[in-house]
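Please keep the sequence and the model at hand while reading.

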Amino acid sequence: MLSDSSPQQYKSATGISTVLESLKGVVIQESIPQNSKTLDDEDLARISDFNLDNFTETPVKPLNNQPALQSFEFETAKIRIEELGGLWGHTKVVIEKSRGQSKQFVEDFGDGVSLSMVAIPCGSFLMGAPESELESDNNERPQHQVQVPPFYMSKYVITVAQYQTVMRDRSYIKEEADLPMTCEWEKAVAFCEKLSKGLKRDYRLPSEAEWEYACRAGTTTPFYFGETIDKELAQYNAWQAYGRGQKVEYYPHNDNPKNVGSYPANTYGLYDMHGNEQEWCADSWHRNYLDAPTNGVLPNLLCQTVYSSLILAV
């Protein structure tokens with residue numbers, strides 16, 4: 001797993017000094033494996049004596065195989081329920097859209113096909129659903145606090161074009177290039193392994209904790225855009241209303257998957273985390289969250305045989 005901060009955090013001597021100050025008592029292991037040491041008071045005193053005014057703001061190139069991040073903007077949305085009053089307590093779904101910004105790196109596959117990986121910051125969240133959440137299930141409980149390290153997740157689920165470009169097991173037509181690719185779990189893992197070998201990065205399926213953390217993007221509602229779902233924000237069976245949401249009497253082609261990125265992203269800049277197609281995680285299925293890990297890692301792995309779409313982490 002790669003940190004999402006390294007190439008962008010150290011743009012100046014001030015940034016370096018700030019980071020080194022925070023490393024007192026920490027052993028540096030990965031960058032200097034042969035002579036790692038603990039920073040003591042004498043080291044920090046020498047750092048504080050530097051005259052930072054003599055340094056200029058120069059970008060630092062990424063080390064080893066760490067990716068260079070670039071900012072990108074996207075549209076995101078929130079749902080607000082408006083009370084209309086009256087005897088029956090009618091409500092109205094109001095969608096409020098705004099602009100967001102995040103960071104990503106892009107892998108170029110050639111022939112107009114690329115893979116965008118979004119930087120997901122570290123943090124903690126309450127995983128699972130409370131008993132009061134509508135249509136929740138006992139396999140989403142007990143709720144438990146999880147600490148998630150920084151990682152990257154693909155901006156979109158893997159498309160037909162991306163999958164076939166890497167695996168080369170069949171050709172595809174232009175009209176289906178941007179549709180989500182569906183496959184068995186074993187093929188999803190094989191895709192990750194081949195991609196890792198070709199690009200020299202550790203691509204993999206996300207853990208369930210990583211997936212939920214990235215999907216929620218700091219929210220606590222049933223959906224990252226609010227307490228209900230709407231046909232303007234996701235591809236799903238809109239004939240059925242969720243909670244105080246609205247159902248659609250006639251919604252043609254409701255079950256057909258749509259091209260990735262057809263709806264607004266969440267506040268991390270990830271698309272289609274609700275609706276369209278189910279998405280694989282690396283974890284095997286468990287009956288509940290009893291004894292679930294609290295650090296976002298995988299409890300164990302089992303091969304599965306049903307079909308689902310593919311999203312990546314690194």
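A residue is called buried when its relative accessible area is under 20%, exposed when it is over 50%, and partly exposed in between, as judged with a 1.4 Å probe and protein chains only. The model is a predicted one, in which local features need pLDDT of at least 70 and side-chain atom pairs count only at pLDDT 80 or more, while totals for chains, interfaces and linings use all residues. Residues are numbered from 1 along each chain as its sequence is written, and side-chain values use heavy atoms, with hydrogens and water left out.

**The chain as a whole**

Helices (H or I, at least four residues) and strands (E, at least two) are DSSP runs numbered from the N terminus. The chain contains 6 helices and 8 strands, and its elements follow the order α-α-α-β-β-β-β-β-β-α-β-α-α-β from the N terminus on. Of the 314 residues, 42% are buried. The chain exposes about 17900 Å², of which carbon and sulfur atoms supply 51%; such areas come from the Shrake-Rupley method with a 1.4 Å probe, and for residues only the protein chains shown count as cover. A contact means heavy atoms within 4.5 Å. Among contacts between residues at least 6 apart in sequence, 66% join residues at least 24 apart.

**The sheet**

Two strands pair if DSSP finds at least two bridges between them. An open sheet is formed by 4 strands in the order β1-β2-β3-β6, with antiparallel pairing. Strands β1 and β6 (151-154) stand at the edges with a single partner strand each, so one side of each has no neighbour in the sheet. From one strand to the next, the twist averages 40 degrees. Helix α4 packs on the sheet, where it touches β2 and β3, and its direction makes about 110 degrees with that of β3. For these angles, axes are lines fitted to C-alpha atoms, for helices over the stretch in contact, and angles run from 0 to 180 degrees between N-to-C directions.

Two of the pairings can be set side by side.

| Strand pair | Sense | Bridges |
|---|---|---|
| β1 (residues 70-85) and β2 | antiparallel | 15 bridges |
| β2 and β3 | antiparallel | 6 bridges |

Ser71 stands opposite Lys103 in β2, and Phe105 stands opposite Met117 in β3. The bridge partner of Asp108 is Ser114 in β3. The hairpin of β2 and β3 has 2 residues between the strands, and Asp111 takes a positive phi near 55 degrees there.

**Helix α5**

Trp185, Ala188, Phe191, Cys192, Leu195 and Ser196 of α5 are buried. They lie on the same side of α5, because they cover an arc of only 130 degrees around the axis, the arc being that of the directions from the helix axis to the C-beta atoms. Glu193, Lys197 and Gly198 are exposed on the other side of α5. The buried residues pack against β2 (90-110), β3 (113-120), α4 (160-167) and β7 (182-184). After α5 comes Lys200, with a positive phi near 60 degrees.

**A residue in a loop**

Ala265 is found in the loop between α6 (208-216) and β8 (307-309). Is Ala265 buried or exposed? Ala265 is buried, because its relative accessible area is 1%. Leaving aside neighbours within four places in sequence, Ala265 is in contact with Phe74, Glu75, Thr76, Ala77, Tyr224, Leu270 and Tyr271. The C-alpha atoms of Ala265 and Gly100 are separated by 8.8 Å, although the two residues are 165 residues apart along the chain.
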